[in-house]
Number of protein chains: 2
Amino acid sequence: MARERKFSLEELYKQVKPLLLNNGYEGFTFSHLADALNVARGTIYKYFENKDELITAYMIFEMEQSHKELQQISHISDFNGQFDFLITFMFQNSNLHRLIEIGKQVQSSTEVVKKNKQRLMEMQIDMYKHLQDFISLGKQENMLKPHLPDTLILGYIFQSIAIPNHFGIPQSVWVSSIKEMLQSGMFAHNN
Amino acid sequence: MARERKFSLEELYKQVKPLLLNNGYEGFTFSHLADALNVARGTIYKYFENKDELITAYMIFEMEQSHKELQQISHISDFNGQFDFLITFMFQNSNLHRLIEIGKQVQSSTEVVKKNKQRLMEMQIDMYKHLQDFISLGKQENMLKPHLPDTLILGYIFQSIAIPNHFGIPQSVWVSSIKEMLQSGMFAHNN
DNA sequence: TCTCAAAGTGACAGTTGTGTCATTTTAACT
DNA sequence: AGTTAAAATGACACAACTGTCACTTTGAGA
């Protein structure tokens, strides 16, 4: 007996993404989203109590996809393969980073929001565990410098996608340069 | 015949900084700032037409200080000295980065705002020139790999300050690890 | 001590966003 | 064709921020 919905949750999330990335947490409004969905603002309140609930729910959705993708890393046996996989993963999920930053701006208000934030936290820890295994493998195989802090190694890999390519250097050059930089740094080894 | 002012521009800027860093562009309001200064909101309008004008003016103020500091780099003759100087500079100006990001959210509206943005742009270019010289020197002295794009090298150095030190690794270890990472990467050179 | 202009105030009108809810629309199922 | 419950709507009350401006306060200088 139910009337057909004008939009699915997936469609909604798809609209949320650019709005959130372009306007940030504070700049994101139900009005904008309603416009993007060609729907009255009130309608969205049928599915989400408020902005924080919507945003955290969206983040979980986005995270779940990335998480699933990243899990594939454990099916690769050698370190070099994992390293390549991780670089590719990063470039394919380049805005995940910014979304996480935006997510930090959500103040836990409702019980639901608290639960969502909890869930997100768990997912991040879980992802981190996978990456930790990657680092461990690298150090075990004597591929990574053992004295560098794990968190710095991971941080470096993740930050590298955020480097702005202002001068439009071709993607292939850019990516291979980043790989080289991560592996052996910027100093010429002439000494 | 003028009455004494309740706050100086410097005092105002000092209050702007945390408000902007904590709440972002959209989250920054004249009300908050007025509260922080113990002043009526209307008072601030005596000095700034609107939010964009205030924020860009503040950015110029902040930039000028960093710029002056960075200029010292040209007094250092050798590349290694400049490299060390730059790392120190970055850590002392760790939020400059975020401020520039926030600055990008300012839509040019007034004529004054446009001028301020223009001025900021020029300062950034000027700073970039100094850094460009640094890279050139490094390549000339055969210290830096000649095939890596200059903008990537610079980007890499600047991103490194943004790596979150979640696990509270001691500052000295952190900084020296970052230096090593930049110089020779994360791979053990065992082949 | 008086003057006066700069500094500061707070009330007003306008805009934008929030959350609610009584009402209307829709289509699947009798 | 009629029923019905989910889906959608849009108006309402409220809150926060913006920009303006007539007015008040203040203290340096005549």
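Is Lys139(A) buried, partly exposed or exposed? I looked it up before anything else. Lys139(A) is partly exposed, at a relative accessible area of 21%. (Buried means under 20% relative accessible area, exposed over 50%, partly exposed in between, with a 1.4 Å probe and protein chains only.)

**Ground rules**

I note that the model is predicted, that local features need pLDDT of at least 70, that side-chain atom pairs count only at pLDDT 80 or more, and that totals for chains, interfaces and linings use all residues. Residues are numbered from 1 along each chain as its sequence is written, chains are lettered from A and ligands numbered from 1 in the order in which they are written, and side-chain values use heavy atoms, leaving out hydrogens and water.

**Salt bridges**

I searched every chain for salt bridges and got 12. (A salt bridge is a side-chain nitrogen of Lys or Arg within 4 Å of a carboxyl oxygen of Asp or Glu.)

I began with Lys139(A), whose partner is Asp150(A); their closest N and O atoms are 2.6 Å apart. This pair joins distant parts of the chain: Lys139(A) sits in helix 7 (residues 111-140) of chain A and Asp150(A) in helix 8 (residues 150-159) of chain A, 11 residues apart. (Helices are DSSP runs of H or I, at least four residues, and strands are runs of E, at least two, numbered from the N terminus.)

In chain B I looked up Glu62(B) and Lys17(B), which form a salt bridge of 3.1 Å, N to O. Glu62(B) is in helix 4 (residues 51-71) of chain B and Lys17(B) is in helix 1 of chain B, 45 residues apart. Glu62(B) counts as buried at 11% relative accessibility. Lys17(B) is partly exposed at 25%.

I then checked Lys104(B) and Glu101(B), a salt bridge with N and O 3.0 Å apart. Lys104(B) is exposed, with 52% relative accessible area. Glu101(B) is partly exposed at 41%.

**Where chain B meets chain A**

How many residues of chain B are in contact with chain A? I found 41, touching 41 residues of chain A. (Contact means heavy atoms within 4.5 Å.)

The two chains bury about 4100 Å² between them, 67% of it on carbon and sulfur atoms. (Buried area is the accessible area, 1.4 Å probe, that two parts lose on being put together, summed over both.) On the chain B side, Tyr156(B), Met186(B) and Phe187(B) lose the most area, together 20% of what that side buries.

I counted 2 salt bridges across this interface. Glu180(A) and Lys145(B) form a salt bridge at 3.2 Å, N to O. Helix 9 of chain B gives the largest share of the side that touches chain A, 8 residues.

**DNA strand C**

A side-chain N or O atom of Tyr45(A) is 3.1 Å from a phosphate oxygen. A polar backbone atom of Ala40(B) is 2.7 Å from a phosphate oxygen. A polar side-chain atom of Lys46(B) lies 2.8 Å from a base nitrogen.

Key:
Polar contact = N/O pair within 3.5 Å; in protein donor to acceptor, adjacent residues only side chain to side chain.
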